[in-house]
Amino acid sequence: MQKLLMRKRDQLTGLVFVLPAILYMLVLMVYPLVYNFILSFRNLTVMNFKNNAAVFIGFENYLNIFRDKDFQQALLQTLWFTLACITVQFSIGFVLAVFFNAKFHLAKPVRGMMLVAWMMPISVTGLLFKYMFLTEGGVINELLKVFGLMFGSPPGWLIDPKLAMWAVIITNCWIGIPFNMLLLTTGMSNISADIYESAAIDGCTVFQKFFLITVPMLKASILSVLMLGFIYTFKVFDLIFMMTKGGPLNATEVVSTYSYRQSFTLFNFSVGSASAIILFVCLMTVGVFYLRMIQKDEAM
Amino acid sequence: MMDRVDKKLRVESSRATVRKLGMDFIALLVALIFLFPLYWILISSFKTDVEIFDKNISFWPRNFSFSPWVTQLNDNDFLFSLRNSLIIAASNMVLSTVLGCTAAYGLARFKTPGKRVIILVFLVTQMMPGSLLLTPLYLMFTKAGLLNSFPAPVMAIATGSIPFIVVIMRPFFLSLPKSLDEAARIDGCNAFTSFTRIMLPIARVGLVTCMVFCFLHGWNDLLYSMTFNVKTAMRPLTANIYKFMDKYGTKWNQIMAYGAILVIPVLVIFVGLQKYIIGGLTSGAVKE
């Protein structure tokens, strides 16, 4: 009896500590989420917002969105952006993680400094790269010229629809590489040096050590870096909004900028909501795997 | 015999030294490439208007000029945007830290009912795209008359910061021995005073990391402030960038000075707390 009381008391105290945050999240996250879901099945626009004339229209928004050529393009471009970024970020991040895991004087300071890129306001990063990618007066074209890599006329990074996506991918990788590197380095530093030593005694080469020890031992880190990378990259907004606003000619439009444009440029709130839901569903398909993975090693 | 071993050792150690120097050199190259954009934002912000418009790009300012910085720091629009940024960042820091830390402690120390679900919800929230809450929150704030106010962006930003704190601080509190709290209770603390007087001070490293991150969440926010606050006077620096681009046109030295000032707090925080930030980050993002 005494024990049961104690247990109840313990539960109650816990609840008191958690309750403020729960209530906050219920009002400002769960409710809006449900509201968003309902909105996506109605036809709310700025026109019928004031007089509450929006009606239930079922899946019409979703059907229209999937039929919309702009959205199809945005979805494909989001996928392409994500895949390109993850590939570049992860491979360069991995190489750098291995490199900086070695012991030499500048390893730690340089690795630390690179992280600044990741912490900067993305709006400033976007602005800065917009300046650097200018066709005339941009330092990237100047560098290409200096190193003799410019063939023909200077590339219009942000005004040529064929190049704009590459410009935003490069910028995003500048942010993503240090992040990937850091997470992988942490994983690597957890591999005990003894294993490498005994492998060396057994006569393993550097490559064998890498592929037979480092990669398998890092499996969990690698998976979570890739999944987190997907989640963070797929929902990109600030960077593209700052650099191109989805242009030129929709060449860099992604699902999040499409959703924003629907809600706050065209004021088709319901269409914006529905496209945000589609974005969320895409994220959660990967997110579920990530959650499963981290819940396995979480002692609850 | 001894001589030979000695010689071999010396050759080997000098080889290792050369290899280390080579790696230092490569590291410098990597740093050069990665930090170049930061160099560029700074160096461009010290160029004169003439030089910024010059077709021949200079990699070092020909005439060092502080005028872009002076112009920005004397521009009223800039100053109130700066003030707004500070208000939004500080408010988010206080709000999220208070709510997030107490929740993290409750989920770590007690047998709170529904723990699994609550933690899961916090984890899912971290994956949500900003645009998912944007439209409904916009409509809610419109009805509540909260557009063009500071609470609007702050409340929205905190929906991201609170889960972040819970995810990072819960393992932190879990690692503290339960006996600490029990001893404090015997000494006359209740659950709450034990939390504020004993547990929080012990967890201060994690606490400071979280506060810094929440400050930066608020400082870096663009989406919410830009959407909820249409009035320039209520917008922080990030959301007013476009206004400044209209104002200064292609005077990129001005725009870069503006950007550089926005980066300064990030740099200061980073240099001061690098150790904790990296530790806090990795404990939250990857579970080992």
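Mentor: Quick ground rule: a residue is buried if 20 or more other C-beta atoms (placed from the backbone) lie within 10 Å of its own, exposed if 12 or fewer, and partly exposed in between. This is a predicted model, so local features need pLDDT of at least 70 and side-chain atom pairs pLDDT 80 or more, while totals for chains, interfaces and linings use all residues. Residues are numbered from 1 along each chain as its sequence is written, with chains lettered from A and ligands numbered from 1 in the order written.

Trainee: Okay, is A:Leu249 buried or exposed?
Mentor: A:Leu249 sits in the loop between helix 13 and helix 14 (255–264) of chain A; helices here are DSSP runs of H or I with at least four residues, strands are E runs of at least two, and numbering starts at the N terminus. Because A:Leu249 has 12 C-beta neighbours inside 10 Å, it counts as exposed.

Trainee: What phi does A:Leu249 have?
Mentor: Most residues other than glycine have a negative phi. A:Leu249 isn't a glycine, yet its phi is positive, at about 55°.

Trainee: And how does B:Asn148 count, buried, partly exposed or exposed?
Mentor: B:Asn148 is in the loop between helix 6 and helix 7 of chain B, and here too a non-glycine has a positive phi, about 55°. With 14 C-beta neighbours inside 10 Å, B:Asn148 counts as partly exposed.

Trainee: Which residue has its C-alpha 5.3 Å from that of A:Met243?
Mentor: A:Met243 belongs to helix 13 (residues 238–243) of chain A, and its 26 C-beta neighbours inside 10 Å make it buried. Leaving out residues up to four places away in sequence, A:Met243 touches (C-beta atoms within 7 Å) several residues, including A:Phe129, A:Leu158 and A:Thr171. The C-alpha at 5.3 Å belongs to a residue 117 places away along the chain, A:Gly126.

Trainee: How many nonpolar residues does chain B bring to the contact with chain A?
Mentor: The contact takes 77 residues from chain A and 73 from chain B. Among the chain B elements giving two or more residues are helix 1 (2–44), helix 7 (151–174) and helix 10 (204–220). Chain B's side has seven charged residues (Asp, Glu, Lys, Arg), 15 polar and, counting Ala, Val, Leu, Ile, Met, Phe, Trp, Tyr, Cys and Pro as nonpolar and the others, Gly among them, as polar, a nonpolar total of 51.

Trainee: How far apart are the end C-alpha atoms of helix 10 of chain B?
Mentor: Buried residues of helix 10 of chain B include B:Phe213, B:Phe215 and B:Trp219. The expected span is 1.5 Å times one less than the number of residues, so its 17 residues should span 24 Å. The end C-alpha distance agrees, at 24 Å.

How values were computed: Two residues are in contact if their C-beta atoms, placed from the backbone, lie within 7 Å.
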